[in-house]
Protein chains: 2
Amino acid sequence: MSIIKGFHHLTACVSGAQEDVDFYVQLLGQSLVKKTVLLDGEEPVYHLYYGNAQGDAGTLVTSFPFRQKGVKGRRGSGQIKVINYSVPKGSLDFWRKRFSAKGVIFQDEVAERFGELRQRFQHPCGIEFDLVASDRDARAPCLASDIPPEFAIRGIHSITLSLREVAESVVFMQDALQFSYAGESGPYHRFETAGGTPGTIVEFLHEPDRLQGSSIYGEGTIHHVAFAVDNVEQQMVIKERLMSMGYIDTSESVNRNYFRSMYFKMPGGVMFEAATTDIGFAIDEEPGHFGADFQLPPWLRERKQELLARLEPITV
Amino acid sequence: MSIIKGFHHLTACVSGAQEDVDFYVQLLGQSLVKKTVLLDGEEPVYHLYYGNAQGDAGTLVTSFPFRQKGVKGRRGSGQIKVINYSVPKGSLDFWRKRFSAKGVIFQDEVAERFGELRQRFQHPCGIEFDLVASDRDARAPCLASDIPPEFAIRGIHSITLSLREVAESVVFMQDALQFSYAGESGPYHRFETAGGTPGTIVEFLHEPDRLQGSSIYGEGTIHHVAFAVDNVEQQMVIKERLMSMGYIDTSESVNRNYFRSMYFKMPGGVMFEAATTDIGFAIDEEPGHFGADFQLPPWLRERKQELLARLEPITV
């Protein structure tokens, strides 16, 4: 049994908050699962969680709208380059028409890799996404009023990392994180955990000449990927293993209110996280009402009105 | 006042333990300050501390003799490439004769950089060292019977990092760690903290085509550099700053018995540490007797005979 079950969430630093809500909710049919704030630093920045209505791990993509803070990131190697969402086979035409109708930037040609068709499109802040068509995804569709369930997103399919070099990172995925190597396709390397279905796949894109991107919180970049683990005990199993190998920049288990996080940088420079699935979003809102109100962790709750007043108003 | 005072220690994974003792103590005139074990992982590996007799921060270079464990590292970019020791001006001839007499591999030519003459030589495991001649080092000499004090090592001068790219790391040194940029010399960039005297200098060597080295504990590589901070409170000031910028792979304050350590990876991939100066080596041996016996932290002390029996015997 793998300690890492697949993805927990992906986190990107985007531009404005409202255009981000419009992208995930109106365009992609994701639910706003939680509206809260980034817990690092003094100045308030939203932390917006999107996914299926239940907020299941592996469906969650989260945003820090950084335009407000004025810190720009630089896209490049050593970063997650593409967020890949899983959709059913046969749905790409629906999405191409939808992108076209809604003025979304998308690639003319459907691509194919590892036997899967995929459609590239862009977030308004410039971050790239693929929809990957798969018949191996048993997860329920993310329900939205204007998207037929047979075309709807199922959750995260995979992530594509841009790496100048892959040698050390290939070893790391297997020895440190116990992913299995699933094959190579041109400059792409594929790794899987826990069965290899959508939601458990990491890809490397070897880009030897691509300049290093920033690893700060900065507009226009995907900051980290969180893998799902059961609880703090399982985080500590990974931490012990990483420390004993020499990856000693592994954080403690940090309280992120809805889960606990442990962070570490893989050799290629991408920020990884192990996040626990044992807490969840029902601690401050009833299921069926996730994302309804602005939520803060207990230690910030008395500052709610002050923080909210300093943030861009958004409507779903 | 800088939070980072200069170096605390540098740590390398070397080959055999006895040849390492011979290199630092017999050849370089360093004192064995502490003989203990690596605190990560199950299998015992020595942790040998060398420096001046008082074990002062900024003189300490420490070794994990990894031949015993059979894990090889790979030298490359994203690593510390050279450990630079500080010696008085006019002493390089003494050292060249000494290297020659003792069969040490050293470079034919004395080099010059940033107005300082420097002599390259090699540790038996292949790690590179420079002796840098400086008249700005007020620290007391490391005393040894066969090295005249006027030629003796004063402590660490600087470290030289090998980086494929420097842009993100140049910003990091200044914004995250508050070093000042001290200039450029060909492919070298120099940074200083707390006055810029020997013991406070970090150099980048820009090697755009050099393949990435390993970041595991592995024979033949310099694993990390520890900078000196006063105490845990100062570590936490740095941790808060790093976290708020997005460098969230910053460890908690780890108990290393003689100091507390907080680890984080800089953008170029090198493992950095902030180590506290408020504990020290007198907790288990009297000053004047540092390194005399095999020492273990309280939580391992009852296993002393078992652990020692599994380690290569060494004599100073």
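This is a predicted model: local features need pLDDT of at least 70, side-chain atom pairs count only at pLDDT 80 or more; totals for chains, interfaces and linings use all residues.
View 1. The size of an interface is often given as the accessible area lost when the parts come together. For chain A and chain B this buried area comes to about 3,100 Å², with carbon and sulfur atoms giving 51% of the total. On the side of chain A, 21% of the area buried against chain B is supplied by Glu165(A), Glu168(A) and Ile248(A), which is more than any other three residues supply.

**View 2. Polar and charged pairs across the interface.** Six salt bridges are found by the rule across the interface of chain A and chain B. In one that involves Arg164(A) and Glu165(B), the closest N and O atoms lie 2.8 Å apart. Counting residue pairs in polar contact between chain A and chain B, with both residues at pLDDT 80 or more, gives 15.

**View 3. The largest pocket, with residues of both chains in its lining.** The space in the largest pocket is about 400 Å³. Its lining has 20 residues, and those nearest the centre are Leu39(A), Asp40(A), Gly41(A), Glu42(A) and Glu240(B). Two elements give two or more residues to this lining, β14 (254-255) of chain A and α4 (232-245) of chain B. The largest share of the lining, four residues, comes from α4(B). By class, the lining of the largest pocket is made up of nine nonpolar, three polar and eight charged residues.

**View 4. The second largest pocket, again with residues of both chains in its lining.** The second largest pocket holds about 280 Å³ of space. Thirteen is the number of lining residues, written 13 in the count, and the closest to the centre of this pocket are Glu240(A), Met243(A), Leu39(B), Asp40(B) and Gly41(B). At least two residues of the lining are supplied by each of α4 of chain A and β14 (254-255) of chain B. Of these elements α4(A) gives the most to the lining of the second largest pocket, with four residues. The lining of the second largest pocket divides by class into four nonpolar, three polar and six charged residues.

View 5. Rolling a probe the size of a water molecule over the atoms shows where empty space is left. In this structure there are nine cavities of 30 Å³ or more, and the volume of the largest cavity is about 370 Å³. Among the 24 residues that line the largest cavity, Gln212(A), Pro267(A), Gly268(A), Gln212(B) and Gly268(B) lie nearest its centre. By class, this lining comprises six nonpolar, twelve polar and six charged residues.

**View 6. A salt bridge within chain A.** Over all chains, a search of the whole structure finds 46 salt bridges. One of them joins the side chains of Asp230(A) and Lys5(A), with an N to O distance of 3.8 Å. This pair links distant parts of the chain, as Asp230(A) sits in the loop between β13 and α4 of chain A, whereas Lys5(A) belongs to the segment before β1 (7-14) of chain A, and the two residues are 225 residues apart.

Note on methods. Residues are numbered from 1 along each chain as its sequence is written. Chains are lettered from A and ligands numbered from 1 in the order in which they are written. Side-chain values use heavy atoms; hydrogens and water are left out. Buried area is the accessible area (1.4 Å probe) that two parts lose on being put together, summed over both. A salt bridge is a side-chain nitrogen of Lys or Arg within 4 Å of a carboxyl oxygen of Asp or Glu. A polar contact is a pair of N or O atoms within 3.5 Å; within protein, one must be able to donate a hydrogen and the other to accept it, and residues adjacent in sequence count only if both atoms are side-chain atoms. On a 1 Å grid over the protein atoms alone, a cavity is a set of points where a 1.4 Å probe fits but cannot get out, and a pocket is an open set with protein on both sides within 12 Å along at least five of seven lines; lining residues have an atom within 4 Å of a point. Grid points are joined across faces, edges and corners, and a volume is the space filled by probe spheres set on the points. Ala, Val, Leu, Ile, Met, Phe, Trp, Tyr, Cys and Pro count as nonpolar, Asp, Glu, Lys and Arg as charged, and the others, Gly among them, as polar.
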